[in-house]
Number of protein chains: 2
Amino acid sequence: MMKQQDLGFRVLVPEAGRVKILDQTRLPGDVVYNEYDDYRDIITAIKRLEIRGAPAIGVAAGYALAVAANAGVDNIMVGQLQAILHSLSVEIKNARPTASNLAWAVDRMLEKADLYDGDDIAQFRKYLWDEAAAIYREDEQMCALIGRHGAALLHDGDAVLTHCNAGALATGGIGTALAPIYTADCKGKKIKVFADETRPLLQGARLTAWELSRAGIDVTLLVDGASGELMRRGLIDCVIVGADRIAKNGDVANKIGTYNVAVQANRHGIPFYVAAPYSTFDDAIETGADIPIEMRSPDEVTHIGDMPIAPDGVNVFAPAFDITPHELVTGYITEKGVKNNTAPE
Amino acid sequence: MMKQQDLGFRVLVPEAGRVKILDQTRLPGDVVYNEYDDYRDIITAIKRLEIRGAPAIGVAAGYALAVAANAGVDNIMVGQLQAILHSLSVEIKNARPTASNLAWAVDRMLEKADLYDGDDIAQFRKYLWDEAAAIYREDEQMCALIGRHGAALLHDGDAVLTHCNAGALATGGIGTALAPIYTADCKGKKIKVFADETRPLLQGARLTAWELSRAGIDVTLLVDGASGELMRRGLIDCVIVGADRIAKNGDVANKIGTYNVAVQANRHGIPFYVAAPYSTFDDAIETGADIPIEMRSPDEVTHIGDMPIAPDGVNVFAPAFDITPHELVTGYITEKGVKNNTAPE
């Protein structure tokens with residue numbers, strides 16, 4: 001296994017029959033790990049966004065099944081436990097219906113469970129626990145590879161703008177969009193990061209600024225509206241963002257606000273990279289126009305925490321994601337290497 | 001005087017020797033007027049942003065001097081009072097050094113005071129009070145004219161995107177950027193407004209959404225990052241924003257985030273108008289590159305109210321304004337008419 005940079009935290013820490021989850025809803029104020037030995041509490045943690053980011057949710061879902069298998073009485077038959085895991089899998093998949101890694105991880109765990117044809121319940125439980133650990137480890141390796149390929153694009157002294165959090169807090173490893181930065185830093189390149197705060201949920205302010213500053217990386221926060229002025233001043237060398245889904249033609253769905261950054265980068269002749277694992281490319285979807293965009297609750301815009309910041313009952317336009325057309329993307333940083341966009345513009 | 005649309009509130013209400021100021025720091029939660037009969041309290045109100053927006057600050061500054069002149073003993077000589085007004089004018093001008101209307105209004109009041117050559121103290125006081133009222137009235141008329149010229153650009157059913165608050169709350173009348181919308185509405189055209197929330201100080205959420213919804217105008221709030229997605233969906237016909245300063249070549253300094261909206265409007269072929277009085281054009285400044293940009297306190301980004309939303313001590317890039325290059329501006333809506341931009345692109 002590839003050497004993993006130690007950032008001093010993990011989104012999830014497995015222990016015997018239980019997991020500890022870093023509660024991201026309490027960042028950046030408090031660094032608290034919640035301990036769960038009941039799979040239903042892990043579902044609640046996913047719903048509450050204690051753990052978020054598609055890859056990290058996949059990891060949590062794998063352990064939700066492993067924890068469920070490890071709980072309960074010892075005199076159960078393997079076949080009974082297999083049936084139980086199938087019956088509760090729907091509940092886990094529904095925790096956050098749009099996170100594709102969640103369903104993928106649950107299905108992978110079930111397939112693995114069904115393949116077991118022994119009758120040793122303790123061995124079966126360990127076998128499932130190891131599968132959850134494998135999902136975690138593979139995600140970590142994917143991040144490391146994205147980091148290695150992406151770091152080659154960065155030069156000592158570069159300033160990188162990112163949007164939202166596609167960092168270690170969103171994955172089982174060192175992140176997707178932030179992986180090249182961590183890896184470049186490891187190789188002795190000084191990288192300065194500018195982080196969009198990313199309204200409405202402020203993942204840039206709460207999470208990206210937190211994990212980068214903890215890792216000793218120079219990070220500067222800005223409101224989302226300031227990205228153009230930042231580029232006009234010549235302060236940005238490169239943009240790297242993550243992706244929630246990428247259509248066959250290369251159009252990218254990512255956190256709302258990404259498209260504004262892309263169009264400004266294009267105007268200023270600044271390279272705009274999307275860092276994401278190959279699993280994010282959805283060849284069943286031709287273009288960005290076909291990607292369904294989740295609409296979020298108006299409360300996320302009209303309130304910060306419990307505090308109202310707008311008149312009661314005002315209409316809100318609150319898409320969770322936007323679509324960045326492929327012609328604005330310089331290249332895609334994946335675990336297999338950097339795929340440059342050859343489309344015109 | 002032109003018929004003024006009644007929006008049910010005024011930024012400032014003059015009464016005998018005193019003024020009531022609508023406390024905008026408490027909007028949208030509470031509609032509270034604070035009563036001031038001491039010019040020093042009016043300075044504090046300007047500093048605290050109880051009243052904000054360059055034209056409205058000019059109105060408040062005029063009344064600060066009028067209130068100062070009306071206070072105090074009756075057995076004072078006109079010459080003494082003239083000298084006192086000069087001595088306290090610096091204090092008023094320093095309330096917010098970047099608001100050009102503030103210094104302009106103070107200077108106008110002083111010039112008018114110096115022109116008075118009678119010796120009737122009561123008459124002198126009324127004469128100054130009337131001058132403050134004249135500044136207010138002229139601002140109101142300027143807004144009405146911008147409204148009339150701008151409304152001619154709007155069609156029934158149009159959807160207009162705006163940024164920050166250049167509305168009635170920022171002026172002595174019906175606003176600059178919002179004036180065309182109020183006027184079009186008065187003429188029976190149904191206009192739908194989309195309001196950027198405008199981080200960091202949320203003037204769009206707190207003020208624009210409040211005044212438009214109060215006036216019965218259909219308003220929808222969005223985070224600043226969502227403007228591109230809104231335009232991609234074909235939901236916007238026209239953008240109208242205000243301006244803090246306009247260079248000789250037409251480059252516009254306005255609230256941070258304006259440039260991102262302009263570059264998206266350009267990409268989507270949507271007209272982008274700047275509504276501002278002629279006094280905003282600063283012919284002493286050749287291009288936007290020469291406009292000094294005030295940097296704000298990091299706290300405005302890292303905290304909302306008193307609530308921290310970012311790690312302690314994080315670096316912050318917090319310019320108050322950005323520069324929109326003239327080639328992205330379709331036209332300027334002024335009290336003298338619409339001046340179309342003939343520059344290429």
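Colleague: Leaving aside its neighbours within four places in sequence, what is F317(A) in contact with?

Modeller: This is a predicted model. In it, F317(A) touches M295(A) in its own chain, and from chain B it meets T220(B), L221(B), L222(B), A226(B), E229(B), L230(B), R233(B) and L235(B).

Colleague: Where does F317(A) sit, and is it buried or exposed?

Modeller: The loop between β14 (315-316) and β15 (321-324) of chain A holds F317(A). With a relative accessible area of 7%, under the 20% cut-off, F317(A) is buried.

Colleague: How far is F317(A) from V301(A)?

Modeller: In sequence the two are 16 residues apart, and C-alpha to C-alpha they are 8.8 Å apart in space.

Colleague: Why do you say the copies meet through the same surface?

Modeller: Because 100% of the interface residues of chain B are also interface residues in chain A.

Colleague: Which residues line the largest cavity?

Modeller: From chain A, the lining has H163(A), D196(A), D224(A), G225(A), S227(A), G257(A), N260(A) and V261(A); from chain B, it has D224(B), G225(B) and N260(B). By class that lining has seven polar, three charged and one nonpolar residue.

Colleague: And the second largest pocket, how much space lies in it?

Modeller: About 980 Å³. It is lined by 50 residues, and those closest to its centre are G53(B), A54(B), D244(B), K255(B) and F321(B).

Colleague: Which elements give two or more residues to the lining of that pocket?

Modeller: In chain B, these are the helices α2 (54-70), α4 (100-115) and α7 (203-214), along with the strands β9 (252-255) and β11 (281-282). The classes in the lining of the second largest pocket are 24 nonpolar, 15 polar and 11 charged.

Colleague: Helices next. At what angle do α3 and α5 of chain B pack?

Modeller: At about 35 degrees, with the axes of α3 (residues 78-93) and α5 (residues 121-151) of chain B 10 Å apart. On the α3(B) side the contact has V78(B), L81(B), Q82(B) and L85(B), and on the α5(B) side I121(B), F124(B), R125(B) and L128(B). Six residues of that contact are nonpolar, one is polar and one is charged.

Colleague: Why call α6 of chain A largely enclosed?

Modeller: Six of the eight residues of α6 (residues 179-186) of chain A are buried, so the rest of the structure largely encloses this helix. The buried residues are A179(A), P180(A), I181(A), Y182(A), T183(A) and A184(A).

Colleague: Which residues have a positive phi although they are not glycine?

Modeller: C164(A) is one of them, with phi of about 65 degrees. C164(A) is in the loop between β4 and α6 of chain A, and at 8% relative accessibility it counts as buried. L202(A) is another, with phi of about 60 degrees. L202(A) lies in the loop between β5 and α7 of chain A and is buried, its relative accessible area being 4%.

Colleague: Last topic, cis peptide bonds. Where is the one that ends at P28(A)?

Modeller: That cis bond runs from L27(A) to P28(A), with omega near 0 degrees. P28(A) is in the loop between β2 (18-22) and β3 (33-36) of chain A.

Colleague: And what is omega for the cis bond of R199(A) and P200(A)?

Modeller: About 10 degrees. P200(A) is placed in the loop between β5 and α7 of chain A, and L202(A) lies in that loop too.

Key
Residues are numbered from 1 along each chain as its sequence is written. Chains are lettered from A and ligands numbered from 1 in the order in which they are written. This is a predicted model: local features need pLDDT of at least 70, side-chain atom pairs count only at pLDDT 80 or more; totals for chains, interfaces and linings use all residues. Side-chain values use heavy atoms; hydrogens and water are left out. Contact means heavy atoms within 4.5 Å. Axes are lines fitted to C-alpha atoms, for helices over the stretch in contact, and angles run from 0 to 180 degrees between N-to-C directions. Helices (H or I, at least four residues) and strands (E, at least two) are DSSP runs, numbered from the N terminus. Ala, Val, Leu, Ile, Met, Phe, Trp, Tyr, Cys and Pro count as nonpolar, Asp, Glu, Lys and Arg as charged, and the others, Gly among them, as polar. Buried means under 20% relative accessible area, exposed over 50%, partly exposed in between (1.4 Å probe, protein chains only). On a 1 Å grid over the protein atoms alone, a cavity is a set of points where a 1.4 Å probe fits but cannot get out, and a pocket is an open set with protein on both sides within 12 Å along at least five of seven lines; lining residues have an atom within 4 Å of a point. Grid points are joined across faces, edges and corners, and a volume is the space filled by probe spheres set on the points.
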